[in-house]
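User: I am new to this structure and would like to learn how to read it. Please take me through it step by step.

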Amino acid sequence: TKHVRFLLGHADTLHCLKGICSKDCPAMLQGTNRLQRGLNYMSHLEHTLPDYKPHYSVFYGGHDNYAAFLSHDWIEWALPYKNH
């Protein structure tokens, strides 16, 4: 098995009808913004795979790779030996 981790930005809440994320009907059923879609996906994983607990974190920032890579959880996950 693989250790998959998800990072979601707390401010990634721009409605997809105004932003650049997918606006088609199947995508909008998943949520109206990226944060909502990510949280819905975490819930879906927990519901469909009862023995699986997804590992995710919500960091301070939006759709921002710098904020994600500087987040505490990403550093803990990607660089575990640096913190010991």
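Analyst: Start with one definition: a contact means heavy atoms within 4.5 Å. Keep in mind that this is a predicted model. Now the case here. Leaving aside neighbours within four places in sequence, Asp12 is in contact with Asn33, Arg34, Leu35, Gly61, Gly62 and His63.

User: Where is Asp12 found?

Analyst: Asp12 sits in the loop between S1 and H1.

User: Which residues does Ala11 touch?

Analyst: Residues up to four places away in sequence are not counted. With that rule, Ala11 touches Gly61 and Gly62. Asp12 has both of these glycines among its contacts too.

User: How do I read separation in sequence against separation in space?

Analyst: Take two numbers for each pair: places along the chain, and C-alpha to C-alpha distance. Ala11 and His47 are 36 residues apart in sequence and 25 Å apart in space. Asn33 and Cys21 are 12 residues apart in sequence and 7.6 Å apart in space.

User: Where is the place of Asn33?

Analyst: Asn33 lies in the loop between helix H1, residues 25-30, and helix H2, residues 34-48. Its relative accessibility is 11%, so Asn33 counts as buried.

User: Which residues does Asn33 touch?

Analyst: Set aside residues up to four places away in sequence. Asn33 then touches Asp12, Thr13, Leu14 and Cys16.

User: Which backbone atoms does the side chain of Asn33 reach?

Analyst: For polar contacts, look for a pair of N or O atoms within 3.5 Å. The side chain of Asn33 reaches the backbone nitrogen of Leu35 at 3.1 Å. It also reaches the backbone nitrogen of Gln36, at 2.7 Å.

User: How many aromatic pairs does a search of the whole structure find?

Analyst: Rings pair if their centres lie within 6.5 Å, and planes over 60 degrees apart count as edge-to-face. The search finds two aromatic pairs. One of them is Phe6 with Tyr41: 5.9 Å centre to centre, with 75° between the planes, hence edge-to-face. This pair links distant parts of the chain, with Phe6 in strand S1 (residues 5-9) and Tyr41 in helix H2, 35 residues apart. Tyr41 counts as partly exposed because its relative accessibility is 41%.

User: Now step back. In what order do the elements of the protein chain run?

Analyst: First count them: the protein chain has four helices and two strands. From the N terminus on, the order is β-α-α-β-α-α. The C-alpha trace spans about 45 × 30 × 15 Å along its principal axes.

User: What do the totals for the protein chain say?

Analyst: Buried residues make up 26% of the 84 residues. Among contacts with a separation of 6 or more, 45% come from residues 24 or more positions apart. The accessible surface comes to about 6,400 Å², and 58% of that belongs to carbon and sulfur atoms. As for charge, the mean positions of the 8 positive and 7 negative charges are 5 Å apart.

Technical notes:
Residues numbered from 1 in each chain as written. Predicted model: local features only at pLDDT ≥ 70, side-chain atom pairs only at ≥ 80, totals over all residues. Heavy atoms only, no water. Buried < 20%, exposed > 50% of the residue type's maximum accessible area, 1.4 Å probe, protein only. Polar contact = N/O pair within 3.5 Å; in protein donor to acceptor, adjacent residues only side chain to side chain. Areas by Shrake-Rupley, 256 points an atom, 1.4 Å probe, with all protein chains shown as cover. Lys, Arg positive; Asp, Glu negative; His and termini not counted. Charge placed at Lys NZ, Arg CZ, Asp CG, Glu CD. Phe/Tyr/Trp six-rings, centres within 6.5 Å; stacked < 30°, edge-to-face > 60°.
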